[in-house]
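Reader: I should like to go through this structure with you, one region at a time. Could we start with the strands and finish with the ligand?

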Amino acid sequence: MAEDVDDKDGDRPEAAAAGEIPGPLGRIKDKLIATKEKWAREGRLLTGVPGRDRLPPGQRQVRNWPVLDLGVQPLVTTAAWRLQVDGLVENPLDLDWAAFQALPQDTLVSDIHCVTAWSRYDNRWTGVRSAEILKRARPKPEAGFLVFTSHDGYTTNVTREIFSDPDVLLAQAWEGEPLSREHGGPVRVIMPRYYFWKSAKWVRRIRFLAADRPGFWEERGYHNTGDPWKEERYS
Ligand SMILES: Nc1nc2c(c(=O)[nH]1)N[C@H]1C(S)=C(S)[C@@H](COP(=O)(O)O)O[C@H]1N2
Ligand SMILES: [Mo]
(Lines give C-alpha, C1' and ligand atoms only; values in the text may rest on other atoms or scores of the structure.)
(Ligands and ions follow the chains in the order given, each with its own letter.)
Protein backbone atom coordinates (compact mmCIF):
# COMPACT_ATOMS: atom_id res chain seq x y z
CA MET A 1 0.00 0.00 0.00
CA ALA A 2 1.20 3.48 -0.84
CA GLU A 3 0.86 4.61 2.78
CA ASP A 4 3.40 2.04 3.84
CA VAL A 5 6.19 3.00 1.47
CA ASP A 6 7.23 6.35 2.94
CA ASP A 7 7.29 4.99 6.43
CA LYS A 8 10.88 5.63 7.38
CA ASP A 9 10.30 7.55 10.59
CA GLY A 10 10.35 4.83 13.14
CA ASP A 11 6.69 3.99 13.58
CA ARG A 12 6.84 0.67 11.79
CA PRO A 13 5.66 -2.07 14.14
CA GLU A 14 7.97 -4.55 12.39
CA ALA A 15 10.97 -2.35 13.16
CA ALA A 16 9.99 -2.06 16.81
CA ALA A 17 9.44 -5.81 17.08
CA ALA A 18 12.88 -6.45 15.61
CA GLY A 19 14.40 -4.20 18.26
CA GLU A 20 15.73 -1.75 15.67
CA ILE A 21 14.13 1.28 17.27
CA PRO A 22 15.61 4.47 15.86
CA GLY A 23 15.52 7.96 17.33
CA PRO A 24 14.19 8.71 20.80
CA LEU A 25 12.75 5.23 21.20
CA GLY A 26 16.32 3.93 21.28
CA ARG A 27 16.49 5.47 24.74
CA ILE A 28 13.22 4.18 26.16
CA LYS A 29 13.00 2.75 29.61
CA ASP A 30 13.67 -0.89 28.81
CA LYS A 31 13.01 -1.93 32.39
CA LEU A 32 9.64 -0.24 32.56
CA ILE A 33 8.62 -1.86 29.30
CA ALA A 34 9.80 -5.28 30.46
CA THR A 35 7.80 -4.92 33.69
CA LYS A 36 4.63 -3.92 31.90
CA GLU A 37 5.06 -6.76 29.40
CA LYS A 38 5.37 -9.15 32.35
CA TRP A 39 2.12 -7.79 33.82
CA ALA A 40 0.41 -8.49 30.53
CA ARG A 41 1.67 -12.08 30.54
CA GLU A 42 0.57 -12.60 34.13
CA GLY A 43 -2.74 -10.81 33.74
CA ARG A 44 -1.85 -8.61 36.71
CA LEU A 45 -4.54 -6.44 38.28
CA LEU A 46 -7.37 -8.40 36.68
CA THR A 47 -10.01 -8.52 39.39
CA GLY A 48 -13.30 -8.84 37.58
CA VAL A 49 -14.83 -7.18 40.65
CA PRO A 50 -16.69 -4.03 39.76
CA GLY A 51 -15.85 -1.02 41.90
CA ARG A 52 -18.14 1.88 42.67
CA ASP A 53 -20.29 3.36 39.93
CA ARG A 54 -17.75 5.72 38.55
CA LEU A 55 -14.65 3.64 39.09
CA PRO A 56 -14.01 0.87 36.52
CA PRO A 57 -13.16 -2.58 37.90
CA GLY A 58 -9.72 -2.92 39.45
CA GLN A 59 -9.06 0.83 39.53
CA ARG A 60 -8.36 3.10 42.51
CA GLN A 61 -8.86 6.83 42.64
CA VAL A 62 -5.86 9.15 42.95
CA ARG A 63 -5.80 12.92 43.54
CA ASN A 64 -2.38 13.59 42.01
CA TRP A 65 -1.64 13.18 38.34
CA PRO A 66 1.13 10.62 37.68
CA VAL A 67 3.41 11.04 34.68
CA LEU A 68 3.89 7.98 32.50
CA ASP A 69 5.95 7.83 29.36
CA LEU A 70 8.87 5.98 27.81
CA GLY A 71 11.47 8.18 29.48
CA VAL A 72 11.65 10.81 26.75
CA GLN A 73 9.66 14.04 27.07
CA PRO A 74 10.21 15.81 23.76
CA LEU A 75 10.37 19.59 23.82
CA VAL A 76 8.02 20.86 21.12
CA THR A 77 7.57 24.61 20.92
CA THR A 78 4.33 26.04 19.58
CA ALA A 79 6.44 27.74 16.87
CA ALA A 80 7.72 24.37 15.66
CA TRP A 81 4.49 22.48 16.32
CA ARG A 82 2.60 20.87 13.42
CA LEU A 83 -0.12 18.29 13.14
CA GLN A 84 -0.32 16.11 10.08
CA VAL A 85 -3.54 14.29 9.22
CA ASP A 86 -2.98 11.95 6.31
CA GLY A 87 -3.30 8.44 4.92
CA LEU A 88 -6.67 7.58 3.44
CA VAL A 89 -8.23 11.04 3.57
CA GLU A 90 -9.69 13.23 0.82
CA ASN A 91 -8.00 16.32 2.19
CA PRO A 92 -4.70 15.81 4.04
CA LEU A 93 -4.06 18.44 6.72
CA ASP A 94 -0.81 19.98 7.87
CA LEU A 95 -1.77 22.36 10.64
CA ASP A 96 0.60 24.81 12.28
CA TRP A 97 -0.11 26.39 15.65
CA ALA A 98 -2.08 29.33 14.24
CA ALA A 99 -4.25 27.03 12.12
CA PHE A 100 -4.92 24.82 15.13
CA GLN A 101 -5.91 27.81 17.27
CA ALA A 102 -8.29 28.94 14.51
CA LEU A 103 -10.28 25.68 14.79
CA PRO A 104 -13.31 25.65 17.12
CA GLN A 105 -12.19 24.95 20.70
CA ASP A 106 -14.25 23.07 23.28
CA THR A 107 -13.86 22.46 26.99
CA LEU A 108 -14.83 18.99 28.24
CA VAL A 109 -14.53 17.35 31.64
CA SER A 110 -13.59 13.68 31.81
CA ASP A 111 -12.00 11.02 34.01
CA ILE A 112 -8.63 9.37 33.38
CA HIS A 113 -8.28 5.60 33.76
CA CYS A 114 -4.73 4.30 33.49
CA VAL A 115 -4.08 0.58 33.00
CA THR A 116 -1.63 0.70 35.93
CA ALA A 117 -4.84 0.99 38.03
CA TRP A 118 -5.09 4.69 38.90
CA SER A 119 -8.05 6.82 37.94
CA ARG A 120 -8.26 10.60 38.19
CA TYR A 121 -11.66 12.29 38.12
CA ASP A 122 -12.85 15.59 36.64
CA ASN A 123 -10.09 16.72 34.32
CA ARG A 124 -11.07 19.85 32.43
CA TRP A 125 -9.55 19.73 28.96
CA THR A 126 -9.68 22.39 26.27
CA GLY A 127 -8.95 21.65 22.64
CA VAL A 128 -10.29 20.59 19.28
CA ARG A 129 -12.85 17.80 19.02
CA SER A 130 -12.17 14.89 16.68
CA ALA A 131 -15.30 15.89 14.73
CA GLU A 132 -13.56 19.08 13.58
CA ILE A 133 -10.64 17.07 12.25
CA LEU A 134 -12.91 14.52 10.54
CA LYS A 135 -14.95 17.27 8.92
CA ARG A 136 -11.86 18.86 7.37
CA ALA A 137 -9.73 15.82 6.49
CA ARG A 138 -12.68 13.74 5.22
CA PRO A 139 -11.46 10.14 5.63
CA LYS A 140 -12.29 7.86 2.72
CA PRO A 141 -14.97 5.20 3.24
CA GLU A 142 -12.37 2.43 3.54
CA ALA A 143 -10.44 4.28 6.27
CA GLY A 144 -11.73 2.27 9.20
CA PHE A 145 -8.66 2.68 11.43
CA LEU A 146 -6.09 5.22 12.46
CA VAL A 147 -2.74 5.44 14.15
CA PHE A 148 -1.44 8.33 16.22
CA THR A 149 2.29 9.03 16.05
CA SER A 150 4.03 11.18 18.65
CA HIS A 151 7.28 13.12 18.87
CA ASP A 152 8.82 10.49 21.16
CA GLY A 153 8.17 7.76 18.57
CA TYR A 154 5.17 6.39 20.48
CA THR A 155 2.23 5.06 18.49
CA THR A 156 -1.27 3.91 19.41
CA ASN A 157 -4.18 2.71 17.26
CA VAL A 158 -7.96 3.07 17.36
CA THR A 159 -10.88 2.49 15.05
CA ARG A 160 -12.33 5.42 13.19
CA GLU A 161 -15.55 4.83 15.13
CA ILE A 162 -13.80 5.27 18.47
CA PHE A 163 -11.97 8.38 17.27
CA SER A 164 -15.38 9.78 16.28
CA ASP A 165 -16.70 9.64 19.86
CA PRO A 166 -17.98 13.11 20.83
CA ASP A 167 -15.70 13.30 23.90
CA VAL A 168 -12.45 12.76 21.96
CA LEU A 169 -10.27 15.88 22.07
CA LEU A 170 -6.93 17.08 20.81
CA ALA A 171 -6.25 18.88 24.06
CA GLN A 172 -3.96 21.87 24.48
CA ALA A 173 -5.04 22.95 27.96
CA TRP A 174 -5.81 21.33 31.30
CA GLU A 175 -7.68 23.27 33.98
CA GLY A 176 -7.31 26.43 31.92
CA GLU A 177 -3.51 26.26 31.68
CA PRO A 178 -1.45 25.22 28.65
CA LEU A 179 -0.85 21.48 28.79
CA SER A 180 2.56 20.92 30.36
CA ARG A 181 5.40 19.25 28.54
CA GLU A 182 5.43 16.25 30.90
CA HIS A 183 1.74 15.60 30.22
CA GLY A 184 2.14 15.80 26.45
CA GLY A 185 1.97 19.49 25.57
CA PRO A 186 1.59 21.40 23.37
CA VAL A 187 -1.12 18.96 22.22
CA ARG A 188 -2.16 15.46 23.25
CA VAL A 189 -5.06 13.23 22.45
CA ILE A 190 -7.76 12.60 25.08
CA MET A 191 -9.94 9.50 24.65
CA PRO A 192 -11.65 9.23 28.04
CA ARG A 193 -13.62 6.05 27.33
CA TYR A 194 -10.41 4.01 27.02
CA TYR A 195 -7.34 3.33 29.13
CA PHE A 196 -5.01 6.30 29.08
CA TRP A 197 -2.35 4.65 26.93
CA LYS A 198 -4.70 5.34 23.99
CA SER A 199 -4.34 9.08 24.66
CA ALA A 200 -1.15 9.93 22.79
CA LYS A 201 0.97 12.70 24.28
CA TRP A 202 2.98 15.06 21.99
CA VAL A 203 0.89 13.95 19.01
CA ARG A 204 2.25 14.94 15.60
CA ARG A 205 0.44 12.73 13.12
CA ILE A 206 -2.95 11.09 12.66
CA ARG A 207 -2.86 8.60 9.87
CA PHE A 208 -5.98 6.92 8.48
CA LEU A 209 -5.65 3.31 7.34
CA ALA A 210 -7.76 0.58 5.77
CA ALA A 211 -6.41 -2.07 8.14
CA ASP A 212 -5.74 -2.00 11.85
CA ARG A 213 -2.13 -1.53 12.91
CA PRO A 214 -1.24 -2.17 16.56
CA GLY A 215 0.68 0.59 18.32
CA PHE A 216 3.49 0.52 20.87
CA TRP A 217 1.69 -1.07 23.83
CA GLU A 218 -0.80 -2.97 21.68
CA GLU A 219 2.21 -4.86 20.28
CA ARG A 220 3.48 -5.56 23.78
CA GLY A 221 0.63 -7.51 25.30
CA TYR A 222 -1.90 -4.74 25.85
CA HIS A 223 -5.47 -4.96 24.59
CA ASN A 224 -6.20 -3.66 21.13
CA THR A 225 -9.28 -1.74 22.30
CA GLY A 226 -8.67 -1.06 26.00
CA ASP A 227 -12.14 -0.41 27.41
CA PRO A 228 -11.72 -0.01 31.21
CA TRP A 229 -15.36 -0.90 31.90
CA LYS A 230 -14.77 -4.30 30.29
CA GLU A 231 -11.35 -4.42 31.95
CA GLU A 232 -9.66 -4.87 28.59
CA ARG A 233 -6.15 -4.56 29.98
CA TYR A 234 -4.25 -7.28 28.14
CA SER A 235 -4.55 -9.07 24.84
N1 LIG B 1 3.66 10.00 23.20
C2 LIG B 1 3.34 9.22 24.24
N3 LIG B 1 2.07 9.19 24.63
C4 LIG B 1 1.70 8.43 25.69
C5 LIG B 1 2.64 7.63 26.36
C6 LIG B 1 3.98 7.68 25.91
O7 LIG B 1 4.89 7.02 26.45
N8 LIG B 1 4.30 8.50 24.85
N9 LIG B 1 2.25 6.85 27.41
C10 LIG B 1 0.83 6.52 27.50
C11 LIG B 1 0.48 5.97 28.80
S12 LIG B 1 0.90 4.35 29.06
C13 LIG B 1 -0.21 6.69 29.73
S14 LIG B 1 -0.75 6.00 31.15
C15 LIG B 1 -0.47 8.15 29.52
C16 LIG B 1 0.12 8.94 30.66
O17 LIG B 1 -0.19 10.30 30.53
P18 LIG B 1 0.26 11.29 31.69
O19 LIG B 1 1.75 11.19 31.82
O20 LIG B 1 -0.20 12.64 31.28
O21 LIG B 1 -0.42 10.83 32.95
O22 LIG B 1 0.05 8.63 28.32
C23 LIG B 1 -0.05 7.73 27.23
N24 LIG B 1 0.40 8.42 26.06
MO1 LIG C 1 -0.29 3.67 30.96
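**Strands, a helix and a ligand**

Author: Leu 83 stands opposite Leu 95 in strand E3. Please keep in mind that this is a predicted model.

Reader: How many bridges join strand E2 to E3, and which way do they run?

Author: Four bridges join E2, residues 82-87, to E3, and the two strands run antiparallel. They form a hairpin, with five residues between them.

Reader: Which residues of E3 are on its covered face, and which on its uncovered one?

Author: In E3, which comprises residues 93-96, Leu 93 and Leu 95 make up the covered face. Asp 94 and Asp 96 make up the uncovered face.

Reader: Now the helix. What span should H3 have, and how far apart are its end C-alpha atoms?

Author: Helix H3 has 13 residues, 30-42, and at 1.5 Å a residue it should span 18 Å. Its end C-alpha atoms are 18 Å apart, which agrees.

Reader: Which residues of H3 are buried?

Author: Ile 33, Lys 36, Trp 39 and Ala 40 are buried in H3. Seen down the axis of H3, the buried residues fall within an arc of 120°, so they line one face of the helix.

Reader: And what is on the other side of H3?

Author: Asp 30, Lys 31 and Arg 41 are exposed there. Just after H3 comes Gly 43, which takes a positive phi of about 65°.

Reader: A change of topic: is Trp 125 buried or exposed?

Author: Trp 125, which lies in strand E5, residues 118-129, has a relative accessible area of 1%. Buried means under 20%, so Trp 125 counts as buried.

Reader: With which side chain does the side chain of Trp 125 make a polar contact?

Author: The partner is the side chain of Ser 110, at 3.1 Å. Along the chain, Trp 125 and Glu 177 are 52 residues apart, while their C-alpha atoms are separated by 9.3 Å.

Reader: Finally, the ligand. Which residues come nearest to ligand 1?

Author: There are 21 residues around ligand 1, and of these Pro 66, Asp 152, His 183, Arg 188 and Lys 201 come nearest.

Reader: What lies 2.7 Å from an oxygen atom of ligand 1?

Author: An N or O atom in the side chain of His 183 lies at that distance. A polar backbone atom of Leu 68 is 2.8 Å from an oxygen atom of the ligand, and for a polar side-chain atom of Trp 65 the distance to a ligand oxygen is 3.0 Å.

Reader: How much of the accessible area of ligand 1 does the protein cover?

Author: On its own, ligand 1 has 530 Å² of accessible area, and the protein covers 99% of it.

How values were computed. Residues numbered from 1 in each chain as written. Chains lettered and ligands numbered in written order. Predicted model: local features only at pLDDT ≥ 70, side-chain atom pairs only at ≥ 80, totals over all residues. Heavy atoms only, no water. Expected span 1.5 Å × (residues − 1). Buried < 20%, exposed > 50% of the residue type's maximum accessible area, 1.4 Å probe, protein only. Arc of directions from axis to C-beta. Pairing = 2+ DSSP bridges. Near = heavy atom within 4 Å. Polar contact = N/O pair within 3.5 Å; in protein donor to acceptor, adjacent residues only side chain to side chain. Areas by Shrake-Rupley, 256 points an atom, 1.4 Å probe, with all protein chains shown as cover.
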